[in-house]
Amino acid sequence: MSLFVIGYYTLLLVVSCLAAYFNKKTIFLLAFSLTLVSFVLGIVGGPGALRAVAICAGLLLLTGMVSYAFREFLIQMAESNIGLSFTNNPPVLYGCIIIPIVLIVLSRLLEWPITEFALAALILVIILIGMNSETAKELRTAPMTAAFGMFVIFTYAIAGIFAPYIAPHGEAEVISSAFAPADESMLLGADQLGRDMFSRIVYGARNSVGLALTATVAAFVLGAGAGLLAATKGGWFDQLMGRIADVIMSIPSLIFALLMLSIFGPSTLVIICAVAIIYAPRVFRLTRAVAGNVVVMDYIEAAKLRGEGTGYLIRREILPNSTAPLIAEFGLEFCFVFLLVAGLSFLGLGIQPPTADWGSMVRENATLISFGDITPLIPAASIALLTVAVNFVVDWMLFRSSGLKEQ
Amino acid sequence: MAKKEVLLNIKDLKIEGYSDETWVPIIKGVDLTLHRGEVMGLIGESGAGKSTIGAAAMGYARDGTRIVEGSKIEFDGMELTTASESEKRALRGSRIAYVAQSAAASFNPAHKIIDQHTEAPLHYRIQKRMEAQEDAMDLYERLRLPNPKEIGFRYPHQVSGGQLQRAMTAMAMSCRPDLIIFDEPTTALDVTTQIEVLAAIRDIVDQFNTAALYITHDLAVVAQMADTIKVLLKGNEVEEASTEEMLNNPKEDYTKSLWAVRSFESPQRYRPKDGTPLISVKNVDAAYTAGPKILDDVSFDIYEGMTVAVVGESGSGKSTTARVITGLLPPQKGEVLFKGEPFPPDYRNRSKDQLRQCQMIYQMADTALNPKVKISEIIGRPAQFYSGLTGADLKNRVDEILDLIELDPSKFYNRYPSELSGGQKQRIGIARALAAEPTFIVCDEVTSALDQLVAEGILRLLDRLQNELNLAYMFITHDLATVRSIADEVIVMQQGKVVEQGPKDDMFTPPHHPYTDLLLSSVPEMDPNWLTTLLEERGVDNVGDAAAAKIDPDDPRVQG
Amino acid sequence: MGDIARLVGQRLGLGLIILLIISVIIFFMVELLPGDIAQAVLGQGATEENLAALRKEMGLDQPAIVRYLAWLKDAVTFDFGSSIVTKTPVTEIIGERFMNTLFLAAYAAVIAVPVAIILGVLVALLRNSIFDRVANVATLTSISSPEFFLGYILILYFSVKWGMFPAISSLSEGMSFGELLNRTFLPALTLVLVVVAHMMRMTRAAIINLLASPYIEMARLKGTPPWKVIVKHALPNAWAPIINVVALNLAYLITGVVLVEVVFVYPGIGQALVDAVSKRDFPVVQACCLIFAATFILLNLAADVGAILTNPRLRHPK
């Protein structure tokens, strides 16, 4: 025990001194403040508290290292300018996009077991297309939090897409007694029906995130489409859309969702529609504002005076100048939608059992919390981690796109 | 003049700005010596770093800039680069004061003017509140503000721009500083208002024998205000000399080129004896939805191949007239004729050919070109849209137009607007208009955002194109030098009405409508005694807004 | 002053109209039910006679417009009819619960608003310091966590492990005020955590936004010390956005309370709504939705009016 204490303080002090010697101010401040905090906590809580602090600090350090490495990895990829070989070569570009899509459709229809791989390939191609030196320049500005966010999103995407290959057991497979503790075959123990918690978490990544993503896309298509049209056309259409958005937005989102679910009953389709109706006005407002800033530009006036149609104006003139804030907004809306859907599931009104879903899993296992068991917190933490991750990335993107450079 | 005590001594000043993740130099080693009671003019084009030097003289680096180590800024024996933040703060407002460009934005909207005025004297415990207020009223009177006893108790938005600018000068004077930094104090004002403010500033600086750094891009203005002038170019000093010497005998080529600007003058063209005008505006009234009338019975003609300059101060309705002609703002009354045929009032109802005939070039090339579209498409789109050109034909046409505007096609074809300089962007704007093969182009303040040399190049280009392609221009501007160089006919507008119109040669020889006279006489000239002479001629109270208000509506010249 | 009265009047009128439209939406959405309410209540196996009887009892034989007007007339006097499931008047079910919810929201607001504004101003003052970055990460994490996650963590530590506060907020008649505060502390704290994070970020953004104004630079160049720049020059102009932030988050408190009430089994209106939704007790659902929407609109209205009243340009017209 005392060996740990001595070793711990020695390490911290050596790091602090080295940092101070090499004039690394931030590292010194971090290491030394950690030393001071450890002193206080060590005196108050004994070696136990010290160990907890050490573990926390170690975990943070580890997360930081992973994030850093992941960012460097992305920068290296981007610097290879691999995206240009796609964009400069349209046949390759369209081929690489269309083949996976065809494969996905075919595998769904003919029940080939390759849907997961085709989807992964499609996403990979889309990411690779964006990899050029411009992206590398942007990535260099990413803070650790954003890099961490990207890493988490990456992990979730893998888990969600390849769920059947990762999960050791089936989604609804009962394999032991209720609330069985963790053992070799069950990493996180069993739930209230004796199903493997870890497998359900992995499948949850597919179900919960998939539902939220679909709903967000629906809301986005609706809201952004209306917003772009309203900004371009102006006049009564703009006014009407604005008023409709006002009305929908003055009903609290969760309440509106509950109202619709009570009437149409809880089903996936109803949830998607409800979310689309509730969040489309929010997307509309932002898109309207972003596009509104573009529409007042003289080049839009020039295009209008040339006699260009609405379609051309939106596609060629407005959209290319509002992509950055719109992508950030998509992330932000995804967080809201994800939390709303998780809340509905938690209330028992979301995805219905036996489908694995994080919100429902929290509710189903909630009783364990009064015995000091953290099992119900795991799905809740999965939700929180993803929203935090997306928010970190969005925060960075918003900062970049607003061009805010405060000292 | 005896050798005076040195007040401000800047040595080898280097300042860097943060952009694109690196520090780039803005000021590259400037020396400056200012004596007590001396007024120095800092002059240069945009991006020359004048304003940054002004802030640095107060030991202040704006957000995103930093003063490089090794620079020396010595104010009255105190080194500002090594001084602590609180030591520097103790100088600001008390010994060095600042007058900003936009008074309307630089007064806090939440407090009364006089409360902001007395903030510094109270903070430094120089005066009690009542004394400070008395003093403020005294300063307001000296600066010839109307109602000096009462105006301070208003909120900033209740006072006009010219008055606010004088109130800010008074505020800078509140602690009787040794040095005032004037950062383009009259740039945002109209020419007629500018005179009043210039006169007021000059008087008060004289009265208290305050030293000043006067920052501006306008040579004629600085000639009125400064004892010595320092010329800057891209963060470097070009030369420094006393005002007289600088005006009469500039040494450096760059300085000479500044003086020589507007040597270009296109020969006066006259209307054809008969024939229909290309564009004819007939009795147009216009207003924005539910707003007051912006245009009031505006009529004029523009003939083929001629340049008509529309001049007037902000709010006179120049740009609104252009919007009516292009169809962006359908008039409430009256109509626009094109070659004698009525033009549909709303651009949406105009045919492709009608839209093609009438093109526009904008003031800000930055907002006029889509930053996400390549030059080839910006120019190519109108050619493709109107003439249906595609493939190699389209590329040839774009190359042809790029040649026409004197840009090398091979260099510019695949570039984006952000990679171009201001003048090049403006040329692309012209090219886009030309690609439609129009007969009439509206030029909305096309040179006012550009540096003088570049602007001259654009004017020459426009004149050449006019001769080659027989284009008609409607040239909206507030700059009379531009009018002199390019216009054939001049239209003077005031508050939505056409005050006077005629051939250029006639317009510049008085007597005229009193407003035209006032406008013309208010434009500063490159003579250090111009302001003094003018004030003697007209009287201190007969310039600017006061004079405009005095125009007698029954004057026979007003009736025309 | 005339301008202000006119603008405030306009906002009030607009709020009323929106409330009316929402009542229409809430009422007529139930009409979209597959089948009708009687069918939904009695289920698929109901006989035609039973259905007809129930329809008559509920007045479903009358046209929808007539029923809407009758419902609206009663709703104005807080009479929302009676529950389909328990047959008791809706007002009885939700009346007391609404007061409980208001109490919880007020409890959270009293702690959250001052803390958030002070911290927000502080963070704006110390922007881009380590403190600011830590605050940024912490608030983002707090915003991103679902309420039930925060709630259960608090229960795990404060209740199960350390035994400081009760995990279940059961209220009983005649308990002392201190006891009440103690029992509702955890749900209130959960709400505070979420709302403080939101308000802090928005206050910070509002102030930093203002710090780029030329008049702030002018104040600095007049030698005004940094704290005075914020307090005297930025804050008076930041009231409109800050009031907006506060109103938005108070509105959030009223609705976000639903999840927290379920976690802590708190007898509030949110619980009643969730119960009613799962039992498809439409009169209760409608009443709850209308009450929530009305509160939401009222708070937004208050924000608008507050922004008008603190605008110096409107307060001192030309």
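**View 1. A loop in chain B holds Glu406(B).** Glu406(B) sits in the loop that links α16 (391-404) and α17 (409-412) of chain B; helices here are DSSP runs of H or I with at least four residues, strands are runs of E with at least two, and both are numbered from the N terminus. The model is predicted, so local features need pLDDT of at least 70 and side-chain atom pairs count only at pLDDT 80 or more, while totals for chains, interfaces and linings use all residues. Residues are numbered from 1 along each chain as its sequence is written, and chains are lettered from A and ligands numbered from 1 in the order in which they are written. The phi angle of Glu406(B) is near 65°, a positive value in a residue other than glycine. With 12 other C-beta atoms within 10 Å, Glu406(B) is exposed (20 or more other C-beta atoms within 10 Å of a residue's own make it buried, 12 or fewer exposed, and anything in between partly exposed, with C-beta atoms placed from the backbone).

**View 2. Lys234(B) lies between two strands.** Look for Lys234(B) in the loop between β10 (228-233) and β11 (236-242) of chain B. Its phi is near 50°, again a positive value in a residue other than glycine. Lys234(B) counts as partly exposed, with 14 C-beta neighbours inside 10 Å.

**View 3. Strand β1(B) and its pairings.** Strand β1 (residues 6-19) of chain B pairs with strand β2 (residues 22-35) of chain B in the antiparallel sense over 11 bridges; two strands pair if DSSP finds at least two bridges between them. Within β2(B), Val30(B) is the residue opposite Leu13(B). β1(B) also pairs in the antiparallel sense with strand β5 (residues 72-75) of chain B, over four bridges, and here Asn9(B) faces Glu74(B). Strand β4 (residues 65-67) of chain B runs antiparallel to β1(B) and is joined to it by three bridges, with Ile67(B) as the bridge partner of Ile15(B).

**View 4. An open sheet of six strands in chain B.** The strand order is β17-β18-β19-β14-β20-β21 (chain B), and the pairing is mixed. β17 (358-361) and β21 (497-503) of chain B stand at the edges with a single partner strand each, so one side of each has no neighbour in the sheet. From one strand to the next, the twist averages 20°. Strand β14 (residues 307-311) of chain B and strand β20 (residues 489-494) of chain B pair in the parallel sense over four bridges, and Val310(B) stands opposite Ile491(B). Helix α12 (residues 318-326) of chain B packs on the sheet, where it touches β14, β17, β18 (440-444), β19 (472-477) and β20 of chain B. The direction of α12(B) makes about 150° with that of β18(B); axes are lines fitted to C-alpha atoms, for helices over the stretch in contact, and angles run from 0 to 180 degrees between N-to-C directions.

**View 5. Two helices cross in chain A.** Helix α7 (residues 144-161) of chain A and helix α9 (residues 197-233) of chain A pack at an angle of about 100°, and their axes are 7 Å apart. The two are therefore roughly perpendicular to each other (65 to 115 degrees; under 35 counts as roughly parallel, over 145 as roughly antiparallel and the rest as oblique). On the α7(A) side, Tyr156(A), Ala159(A) and Gly160(A) meet Val202(A), Ala205(A), Arg206(A), Val209(A) and Gly210(A) in α9(A); contact requires C-beta atoms, placed from the backbone, within 7 Å. These contact residues divide into five nonpolar, two polar and one charged (Ala, Val, Leu, Ile, Met, Phe, Trp, Tyr, Cys and Pro count as nonpolar, Asp, Glu, Lys and Arg as charged, and the others, Gly among them, as polar).

**View 6. Chain A meets chain C.** Chain A brings 40 residues to this contact and chain C brings 44 residues. On the chain A side, α10 (235-249), α11 (253-264), α15 (323-346) and α17 (377-402) are the elements that give two or more residues. α17(A) gives the most, with 10 residues. The chain A side divides into 27 nonpolar, 10 polar and three charged residues.

**View 7. Chain C and its helices.** Chain C has 14 helices and zero strands, and 41% of its 318 residues are buried. Its C-alpha trace spans about 85 × 60 × 35 Å along the principal axes.

Conventions. Contact = placed C-beta atoms within 7 Å.
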